[in-house]
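Morning, everyone. I'll take spaces first, then helices.

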Amino acid sequence: MSNTALELRQVERTYQQGDVPLHVFRGASLTIRPGELVALVGPSGAGKSSLLHIAGLLEKPDAGEVLIAGAPCMGLSDAEKTRVRRTEIGFVYQAHHLLPEFSATENVVLPQMVAGVRRKAATAVAERLLGRLGLEYRLEHRPAQLSGGEQQRVAIARALANRPSLLLADEPTGNLDPKTSRAVFNEFVSLTRGEGVAALVATHNLDLAREMDRVILLHEGLLVDGADLASTPD
């Protein structure tokens, strides 16, 4: 087992806004250990989502290296990157993106079957994860029959179903009311810790960020220690 779940080494990324270059990352570096939960904070437009896309091999930086579970990934083919995403990375977004025609259990089973897991074994994993998130009585409900908090719990279970080494979450409770957001976030942290998965979680909510092991601030294209943010009252 690698002693790192995610490494970003001197990542650079520039976008063009008309004729003006926008330097989003200027040598951003980060290391996350297995099982470590890290909050990523920063102002809107700073590039938190772009950083998650680069970490998840969905976007290629202009320079730098991304290592997942100790393995360098920038030289991989598209097919090899897809395999890494399927086996090593789980994604949770602000919107749940569940398949509406399938039940909660089926939404968690399907990505496992795509990865080659037999239905019976995949169903057992789905029911275990959904049960840990308090959805043992909602297994056969379709997304439209679930509340917003329940839908996001299914999305979290789906992200963890293939036992990834790294979970990337982009404002995972941002669409929920404050009370539901806190409940779902607590369950997210508890389940992720219980599964031994490392996580990088982008959030605007410093109160939630303080529940993580570390806070990292995206500032002027660099990733810096956000310990002061984590210890400062709102």
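How do the residues of the lining of the largest pocket divide into nonpolar, polar and charged? Eight are nonpolar, five are polar and four are charged. Keep in mind that this is a predicted model.

Stay with that pocket. Its space comes to about 390 Å³. The lining has 17 residues. Nearest the centre lie Arg 85, Arg 86, Ile 89, Phe 91 and Pro 111. Now the elements. Helices α2, α3 and α5 and strand β6 each supply at least two lining residues. Helix α2, residues 78-88, gives the most, with five.

Next, the cavity. The count is one cavity of 30 Å³ or more. The largest cavity has a volume of about 50 Å³. Find Phe 91 again: it lines this cavity, and it is also among the residues nearest the pocket's centre. Other cavity-lining residues include Ser 49, His 53, Tyr 93 and Asp 170. By class, the cavity lining has seven nonpolar residues, two polar and one charged. Here α1, β6 and β7 each supply at least two residues.

Last, a pair of helices. Look at α4, residues 119-132, and α6, residues 178-195. Their axes are 10 Å apart, and the packing angle is about 135 degrees. From α4, the contact uses Arg 128, Leu 129 and Arg 132. From α6, it uses Ser 190, Leu 191, Gly 194 and Glu 195. That makes two nonpolar, two polar and three charged residues.

How values were computed
Residues are numbered from 1 along each chain as its sequence is written. This is a predicted model: local features need pLDDT of at least 70, side-chain atom pairs count only at pLDDT 80 or more; totals for chains, interfaces and linings use all residues. Side-chain values use heavy atoms; hydrogens and water are left out. Axes are lines fitted to C-alpha atoms, for helices over the stretch in contact, and angles run from 0 to 180 degrees between N-to-C directions. Helices (H or I, at least four residues) and strands (E, at least two) are DSSP runs, numbered from the N terminus. Contact means heavy atoms within 4.5 Å. Ala, Val, Leu, Ile, Met, Phe, Trp, Tyr, Cys and Pro count as nonpolar, Asp, Glu, Lys and Arg as charged, and the others, Gly among them, as polar. On a 1 Å grid over the protein atoms alone, a cavity is a set of points where a 1.4 Å probe fits but cannot get out, and a pocket is an open set with protein on both sides within 12 Å along at least five of seven lines; lining residues have an atom within 4 Å of a point. Grid points are joined across faces, edges and corners, and a volume is the space filled by probe spheres set on the points.
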